[in-house]
Amino acid sequence: MTAASGGRLAGKVALVAGAGTSAPGWSIGKASCVTLARQGAAVIALDANLTAAEEAALGRFGRIDILQANAGIGKVGGPEDISLQDWDRIQQVNVTSLLIATRLVVPLMRAQGGGAIVAVSSIAGIRYTGYPHLAYSVSKAAVIHFARMAAQQYAPDGIRVNTVIPGLIDTPRVASNVARMFDANDLDAARAARDRQVPMSRMGTPWEVANAVAFLASDDASYITGTELLVDGGLTGKYA
């Protein structure tokens with residue numbers, strides 16, 4: 001994706017893993033690609049093959065300054081409902097993909113003198129959100145702890161690792177999956193029910209999450225590592 005001429009990410013090369021969307025509309029990954037580009041970064045967007053994208057980035061740009069790890073899938077169900085096959089698939093996509101991406105970009109970032117990794121988790125990784133979503137929740141908790149551990153290890157290399165934790169965000173996934181837990185027959189009613197959960201009385205937008213990603217990826221966050229940025233309209237504060 002072509003970068004804008006200016007902005008706080010000018011001259012940076014960003015690799016966004018999980019840039020697609022589950023249905024028409026704006027996902028967090030898709031909005032992040034556009035936001036990073038608008039702020040000056042050259043963006044390599046991918047949704048499946050990380051190794052190929054990494055090779056393309058190095059061939060064209062010669063570096064990777066930012067990794068945004070956004071891939072995530074889930075399936076509703078508790079311990080008695082989730083199959084082992086689904087459990088393994090969700091952990092692979094949500095957690096193992098972060099491991100693979102980190103292993104690929106860290107040597108590059110170390111050699112070039114630093115970089116920023118921004119993982120996207122979920123409030124489901126730190127709170128019960130009103131319905132059983134065990135495999136997804138456990139995987140998103142793992143993402144948070146992975147980022148904390150990696151931040152400590154790679155801080156001497158100038159590599160910052162942080163996590164954005166979105167709350168209830170109005171994405172295509174709401175219509176295709178989550179809304180069914182509120183009202184399977186009326187999407188507007190499901191959205192309204194989710195809005196009512198939030199102290200700010202509305203779900204967030206993918207763009208609001210993308211802005212948080214861009215901040216943590218930028219030099220404005222140069223002394224921030226190993227932490228989490230909640231983007232939830234105050235929701236988790238209700239359960240603190």
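This briefing covers an aromatic pair, a helix, a strand and the nonpolar cores of one predicted model. Local features need pLDDT of at least 70 and side-chain atom pairs count only at pLDDT 80 or more, while totals for chains, interfaces and linings use all residues. Residues are numbered from 1 along each chain as its sequence is written, and side-chain values use heavy atoms, with hydrogens and water left out. Helices (H or I, at least four residues) and strands (E, at least two) are DSSP runs, numbered from the N terminus.

**Aromatic pair**

- A search of the whole structure finds one aromatic pair.
- W26 and W207 form this pair, at 4.7 Å centre to centre and with 50° between the planes.
- The geometry is tilted; rings of Phe, Tyr and Trp (its six-membered ring) pair if their centres lie within 6.5 Å, with planes under 30 degrees apart counted as stacked, over 60 as edge-to-face and the rest as tilted.
- W26 sits in the loop between β1 (13–17) and α1 (28–38) and W207 in helix α7 (residues 206–217), so the pair ties together parts that are 181 residues apart in sequence.
- W26 is partly exposed at 37% relative accessible area, and W207 is partly exposed at 25%.
- Here buried means under 20% relative accessible area, exposed over 50%, and partly exposed in between (1.4 Å probe, protein chains only).
- K30 lies over the face of W26, at 4.9 Å from the ring centre; the test asks for NZ of Lys or CZ of Arg within 6 Å of the ring centre and within 35 degrees of the ring normal.

**S27 in the loop**

- S27 lies in the loop between β1 and α1.
- S27 counts as buried, at 10% relative accessibility.

- Five of the five residues of β1 are buried.
- Both faces are covered: V13, L15 and A17 are buried on one side, A14 and V16 on the other.
- In a regular strand the side chains alternate between the two faces of the sheet.
- β1 and β2 run parallel, joined by five bridges; two strands pair if DSSP finds at least two bridges between them.
- A14 stands opposite V43 in β2.
- β1 also pairs with β3 in the parallel sense, over four bridges, and V16 has Q68 of β3 as its bridge partner.
- L46, in strand β2 (residues 42–46), is buried at 9% relative accessible area.
- L46 and V16 are 30 residues apart in sequence but 6.2 Å apart in space, C-alpha to C-alpha.

**Helix α7**

- The 12 residues of α7 should span 16 Å at 1.5 Å a residue, and the end C-alpha atoms are 16 Å apart, which agrees; the expected span is 1.5 Å times one less than the number of residues.
- Buried in α7 are P206, V209, A210, A212, V213, A214, L216 and A217.
- The buried residues of α7 pack against α1, β3 (66–69), β4 (115–120), β5 (159–166) and β6 (228–231).

**Nonpolar cores**

- The largest nonpolar core has 23 residues, and L36, V43 and V164 have the most contacts inside it.
- β1, α1, β4 and α7 each give two or more residues to this core, with α7 giving the most, six residues.
- A second, separate core of 20 residues includes A17, L67, Y154 and V161.
- A nonpolar core is a set of buried Ala, Val, Leu, Ile, Met, Phe, Trp, Tyr and Cys residues joined through side-chain atoms within 4.5 Å.

Definitions and conventions
Contact = heavy atoms within 4.5 Å.
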